[in-house]
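Colleague: Hi! Could you walk me through this model when you have a moment?

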Amino acid sequence: MGMRAEDRAARADDPADRTASNRTASDPALYDQIVGAVRAGELDADEAADLLIARLTDAELLGMLDGDSPRRLLPFIPLLLGRRPFVAGEVPRLGIPGIRFSDGARGVVIGSSTAFPVTMARAATWNPALEAEVGHAIGLETRARGANYSASVCVNLLRHPAWGRAQECYGEDSVLTSRMGSAMTRGLRANVMACVKHFALNSMENERFEVDVSVDDHALHEVYLPHFKAVVDAGVDSVMTAYNSVRGEYMDVNAPLLTDVLRNEWGFSGFVTSDWVFGTHHAVASLRAGMDVEMPLRLLRARELPNALRSGVLERSTVLQSAHRILRTTVLHAATRDESEPGTEVVASPAHRDLARRVAAESIVLLKNELVGDAPLLPLDSSIRRLAVVGRLAARENIGDHGSSRVRPPSTVSPLDGLREALPDVEILTPSRSDARAAAGVAAEADIAVVVVGLDEHDEGESVINGGVEVGVLSGAFRSGPLRAPLVALAHLASQFVRGGDRSSIDLRPADVQLIRAVSAANPRTVVVLIGGSAIMVEAWRDRVPALLMAWYGGMEGGHALADVLTGAAEPSGRLPFVIPTDVRHLPAFDSTAKSVVYDDRWGQRKLDADGHSAAFPFGFGLGYTSIEHTLLDHRFDEAGGSARVSVRNTGDREGSIVVQLYAADLSLERPVSRLLGFQKVTVPAQAETVVEVALDAGPTLQRDPRTHQWSPRPGNWVVLAAQHSPSSWDGARPLRRTAVQDEALDD
Ligand code: BGC
């Protein structure tokens with residue numbers, strides 16, 4: 001049975017157990033034997049961790065608390081990340097493998113592997129079951145590459161689409177993020193430990209090392225943290241801290257969040273790691289605050305912990321507590337993961353490519369599809385003979401940013417490749433030059449023109465070298481010595497030249513807008529395909545084109561998936577995981593140079609609702625190729641959540657799918673703000689009808705008392721509505737919490 005931390009500390013420190021021979025004898029089979037005993041139910045994971053700790057020397061114990069790589073590898077991290085797992089706490093003498101890290105969010109970054117659509121694209125599928133399949137595939141490939149720990153679960157909330165790493169998260173909504181992040185976690189855990197990042201409030205890039213986020217308790221617990229809690233409840237093994245500080249404390253030393261909230265309030269029992277290199281600010285204070293592992297090098301802790309422990313500045317019980325969490329989690333996972341060991345044949349296997357293609361197709365959001373003549377422009381009519389394919393991104397590999405989540409697939413399919421393959425009998429016209437005139441020229445000769453524009457790794461992404469790095473972690477000499485100023489200046493200079501970072505504007509590049517105007521003027525049958533990781537403004541030109549799709553960074557099979565959707569072989573069943581406003585000023589302010597920001601409860605669709613602005617395309621929006629109606633039949637709901645039954649009827653003449661979305665709002669407010677409670681994607685054959693059950697989260701309708709930490713219903717006149725995107729009218733909404741009288745009436 002489990003023991004209290006103090007008892008464990010005492011036992012592991014028992015001199016009887018600490019004989020020199022016991023501590024140094026080589027026993028490389030020990031770890032596997034202990035894992036076997038846990039698997040067989042002969043030991044529990046706490047006992048297993050204690051047994052291992054009793055065999056560790058002090059140096060090995062401290063070695064658990066940081067990465068194993070020497071600091072001289074710092075400049076080579078980006079290169080090495082693509083070559084091998086980064087290991088922390090390996091003890092070959094006892095067969096302890098340590099935590100063996102791999103990123104990332106759209107596939108395995110080690111070697112050449114399956115590149116799935118980016119996280120934001122997968123959010124647009126609104127399909128957690130599919131996300132669990134992606135998690136399972138990434139877990140298998142991660143394990144096949146020799147890692148046992150994957151940082152693929154990124155659940156920071158999209159506060160503003162200009163965030164450079166927007167593509168790595170699941171959008172602006174907490175319920176959608178919770179469901180998708182939990183599904184990814186469950187999928188990964190069949191093979192590897194899952195790490196969720198970046199805890200917490202990390203949604204700016206350029207100043208990520210320095211920015212301090214102010215937030216009140218209401219916004220913190222009710223807006224920015226619920227999805228982290230959901231992923232913890234889903235069993236995530238590890239949490240990675242963010243680089244930024246919150247309420248004046250860097251996250252690695254932020255005891256209120258790491259200990260009071262994460263462990264005491266939520267009951268998280270896994271281990272916490274730092275974000276890399278510049279994410280650890282104090283060797284001892286971070287350990288005390290609850291950050292267990294400094295990743296990925298032997299930097300601050302290797303330098304300071306041995307003396308601190310020897311001199312008594314650092315209590316042994318703190319060291320033992322962290323070592324216990326790490327070993328307990330690692331052993332438990334090894335004892336419960338799938339037993340069969342995948343070989344490298346799983347990496348970029350035909351099954352995973354096929355999955356990548358299905359996900360990419362399901363992620364594509366059809367934003368507009370107007371009649372041209374007597375039929376909508378899409379899907380492409382089989383009678384077309386000539387198709388113009390133009391735009392800067394039509395023929396390029398463009399599968400996401402070049403930061404730490406970069407995946408290198410063995411091959412990729414561009415939009416042009418995909419269309420050529422799907423339409424062998426159609427003449428595909430491409431311009432001979434890259435200017436708008438040449439594109440308009442080929443468009444004029446074609447039946448239909450497809451314009452592929454948007455963003456790439458130069459416009460947005462993780463900024464690997466940032467200005468505000470804390471150079472003191474590299475060496476004591478850089479803390480205050482004469483070398484500090486030149487090194488900081490060098491880092492700032494370097495940051496000017498690297499790719500990625502926050503977007504300076506959420507518009508398309510002017511040349512792309514010019515291209516859309518020229519092509520649509522030359523051929524009214526123009527389809528615009530947008531590529532990017534979050535919202536792109538469309539207001540300046542959307543009236544000029546009859547068809548518009550958001551196709552994201554669609555992964556290695558993105559071009560096939562796009563062709564599947566354009567030709568109608570697949571339904572465009574994606575829905576927006578964020579709002580696209582008509583004016584960027586309808587979003588919160590975004591200053592990529594800010595050193596301090598306030599995060600409140602006004603962002604995304606909710607801010608537009610509260611301020612009375614209509615969207616260009618609301619949160620949850622997306623069209624299909626058939627028409628589907630839905631009706632809320634009944635629902636039940638209380639403080640623990642509930643469910644709704646919705647009937648869905650396909651009135652069209654082809655199979656199609658919708659995402660049934662349930663929203664709640666407080667109608668006592670002058671401008672009700674819609675909150676997603678639950679959703680369910682469903683495919684319905686032509687002319688058929690079905691009933692779906694939708695699980696409802698209570699969270700968005702609750703409030704947390706900052707004093708007692710208790711959650712209770714938020715007062716107000718709450719109603720619920722079934723919809724196909726965030727609603728602008730609450731006509732037909734029903735009371736969310738039914739009274740006993742209403743219940744009786746319904747039962748009769
Ligand atoms: C990123 C993390 C990533 C880590 C290791 C950091 O710079 O912020 O998201 O997991 O590098 O690749």
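Modeller: Happy to; we can start with the ligand and then move on to cores, strands and loops.

Colleague: Before that, what kind of model is it, and which pLDDT limits apply?

Modeller: It is a predicted model, where local features need pLDDT of at least 70 and side-chain atom pairs count only at pLDDT 80 or more, while totals for chains, interfaces and linings use all residues. Residues are numbered from 1 along each chain as its sequence is written, and side-chain values use heavy atoms, with hydrogens and water left out.

Colleague: Great. Which residues come nearest to the ligand?

Modeller: There are 13 residues around the ligand, and Asp103, Arg165, His198, Asp275 and Glu462 come nearest. A residue counts as near a molecule or strand if one of its heavy atoms lies within 4 Å of it.

Colleague: And which polar side-chain atoms lie by an oxygen atom of the ligand?

Modeller: Arginine 165 has a polar side-chain atom 2.8 Å from a ligand oxygen. Lysine 197 has one at 3.1 Å from a ligand oxygen, and tyrosine 243 also has one at 3.1 Å. A polar contact here is a pair of N or O atoms within 3.5 Å; within protein, one must be able to donate a hydrogen and the other to accept it, and residues adjacent in sequence count only if both atoms are side-chain atoms.

Colleague: How much of the ligand does the protein bury?

Modeller: The protein buries 95% of the 310 Å² that the ligand exposes when taken alone. Those areas come from the Shrake-Rupley method with a 1.4 Å probe; for residues, only the protein chains shown count as cover.

Colleague: Switching to the cores: which residues touch the most other members in the largest nonpolar one?

Modeller: Leu387, Val527, Leu530 and Trp541 do, out of 77 residues in that core. Its largest share, six residues, comes from strand 15 (residues 448-454). Another core lies apart from it, with 66 residues, including Phe116 and Val261.

Colleague: How do you define a core, and what is buried?

Modeller: A nonpolar core is a set of buried Ala, Val, Leu, Ile, Met, Phe, Trp, Tyr and Cys residues joined through side-chain atoms within 4.5 Å. Buried means under 20% relative accessible area, exposed over 50%, and partly exposed in between (1.4 Å probe, protein chains only).

Colleague: What does tryptophan 541 touch?

Modeller: Not counting residues up to four places away in sequence, tryptophan 541 touches Leu508, Val513, Ile516, Val528, Leu530 and Leu548. Contact means heavy atoms within 4.5 Å.

Colleague: Which strands pair with strand 17?

Modeller: Strand 10 (residues 365-369) runs antiparallel to strand 17, joined by four bridges, with valine 365 opposite methionine 550. Strand 16 (residues 526-531) pairs with strand 17 in the parallel sense, also over four bridges, and there valine 529 stands opposite leucine 549. Two strands pair if DSSP finds at least two bridges between them.

Colleague: What about the loop between strand 16 and strand 17?

Modeller: Serine 534 lies in that loop, and it counts as buried because its relative accessibility is 0%. The side chain of serine 534 reaches the backbone oxygen of proline 161 at 2.8 Å. Beyond neighbours within four places in sequence, the contacts of serine 534 include Met120, Arg503, Met550 and Phe578.

Colleague: Next, glutamate 294: buried or exposed?

Modeller: Glutamate 294 is buried, at 1% relative accessible area, in the loop between helix 13 (283-289) and helix 14. A polar atom of its side chain lies 3.1 Å from the backbone nitrogen of leucine 300.

Colleague: And where is leucine 314?

Modeller: Leucine 314 is in the loop between helix 14 (300-311) and helix 15 (316-336). With a relative accessible area of 2%, leucine 314 is buried. Arginine 288 is 26 residues from leucine 314 in sequence, and their C-alpha atoms are 8.7 Å apart.

Colleague: Last one: what is the strand order in the open sheet of four strands?

Modeller: The order is 24-23-28-29, with antiparallel pairing. Strand 24 (675-684) and strand 29 (734-735) each have a single partner strand, so one side of each is left without a neighbour in the sheet.

How values were computed:
Helix = DSSP H or I, 4+ residues; strand = E, 2+ residues; numbered from the N terminus.
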